[in-house]
Amino acid sequence: MANAEVIVSSSQATSQSLPISVLDLIPTRAGEPASSAIAQSVELARHVEQLGYKRYWVAEHHSIQGLVCSATPILIGHIAAATKKIRVGSGGVMLPNHPPLVVAEQFGTLESMYPGRIDLGLGRAPGGDFQTMRALRRGLAQDGEDFPALLEELRTYLGPERPGQPVKAIPGQNSNVPITLLGSSDFSAQLAAELGLPFAFAAHFAPDALDVAAKLYRERFQPSEVLQNPYLLVAVPVIAANTDAAAQRLFTAPQQRFLRLIRGESLELLPPVDSMEPLWNDIEKAAVENRLGAAIVGSDVTVQAGLEKVVNDTHANEVIVVTDTYEHSDRIDSYQRVARIAAEIKLVPNVERRFK
């Protein structure tokens, strides 16, 4: 599977800079049209491509005011058309929301249009509330336990045609679009290990199980045609700025968004504030800080130390950077800083101490 080499090569290198990628939820500000947010994401994708980011992934969320990433395959195609070499994919498609055949056809089509550049990250969460699940025709009794069967069906449509196979994905069959399993618990970590697939942990919103899932994935990994060694990606919130204080102020925008999430309000980005203390109570503060517990926020020195700690603690092969700021220019600046920082972090694969 030639496409799998894109991921394998990183773990085979003797020494290299830390690979970094982008996860974009395509956030909007209050009153901002979706077209503006999508245009800014295209601009960001072009920018990080020039900075050397490895991949640009788009999330899947439904019926959430403030996030315009509901039509993930369409957005992937739009961003891939606007860029030249960066890998573009899903972070991720929530597989239980969709028939596997449709996913295979969509990503097989994308692979046909942008060969060697498409990733398929897969999750098992609904990406919305119960009413949204019903609107997506997803059964309310579904708890994700059918995910392994759905994944096997999808891989059948993306792999070589099997003798007597009655249904085929056209295009899609034998495209071997690289699959990465996404998760925020040990369920997908264990499944990815058993199947020998890459695993991406969603520490950008649920960091509690990161260390356990990372350890489980590496300990139980079984080599496969896709990977000979485990490949772990960790998604974390990052905001880099000129000083720690400046970055912390910018960070109040995503903090306010998570505060609005736990209150059941819209998730549109609000301007940063000097202090969050007047905005939340103690219980809300604890909840937001827990959800954003893996965030790396500060000056270049602070962010470098944070990234090194994540990689040292988890043995991550790649970090997926999730940066949301109220001003697009601050977001661009942060991704520029992280690119420079990551270039200084040298990984040494398969040893306990990963830095030179």
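Start with the residues lining the largest pocket: they divide into 27 nonpolar, 16 polar and seven charged. Here Ala, Val, Leu, Ile, Met, Phe, Trp, Tyr, Cys and Pro count as nonpolar, Asp, Glu, Lys and Arg as charged, and the others, Gly among them, as polar. This is a predicted model, where local features need pLDDT of at least 70, side-chain atom pairs count only at pLDDT 80 or more, and totals for chains, interfaces and linings use all residues. Residues are numbered from 1 along each chain as its sequence is written, and side-chain values use heavy atoms, leaving out hydrogens and water.

The largest pocket holds about 1,100 Å³ of space. Select Leu25, His61, His204, Phe205 and Arg291 next: of the 50 lining residues, these are the closest to its centre. (A pocket is an open set of points on a 1 Å grid over the protein atoms alone, where a 1.4 Å probe fits, with protein on both sides within 12 Å along at least five of seven lines; lining residues have an atom within 4 Å of a point.)

Which helix gives the most to this lining? That's H9, with five residues. Helices are DSSP runs of H or I with at least four residues, strands are runs of E with at least two, and both are numbered from the N terminus.

So select residues 244-262, which are H9. Its 19 residues reach 26 Å from first C-alpha to last, close to the 27 Å expected at 1.5 Å a residue (that is, 1.5 Å times one less than the number of residues). Look for a kink of about 30° at Ala253, shortly before Pro254; the bend is the angle between axes fitted to the seven residues ending there and the seven starting there. Both Ala253 and Pro254 are among the buried residues of H9, buried meaning under 20% relative accessible area, exposed over 50%, and partly exposed in between (1.4 Å probe, protein chains only). Just after H9, click Gly264, which has a positive phi of about 75°.

Next, two residues other than glycine with positive phi. Ile26, near 50°, sits in the loop between strand S2 (20-24) and helix H2 (34-51). Is Ile26 buried or exposed? Buried, at 0% relative accessible area. Asn174, near 65°, lies in the loop between H6 and S6 and is partly exposed at 46%.

Stay in that loop for Pro171, joined to Ile170 by a cis peptide bond with omega about -5°. Last stop: the bond from Gly91 to Gly92 is also cis, with omega near 0°, and Gly92 is in strand S4.

Technical notes
Points joined across faces, edges and corners; volume = space filled by probe spheres on them.
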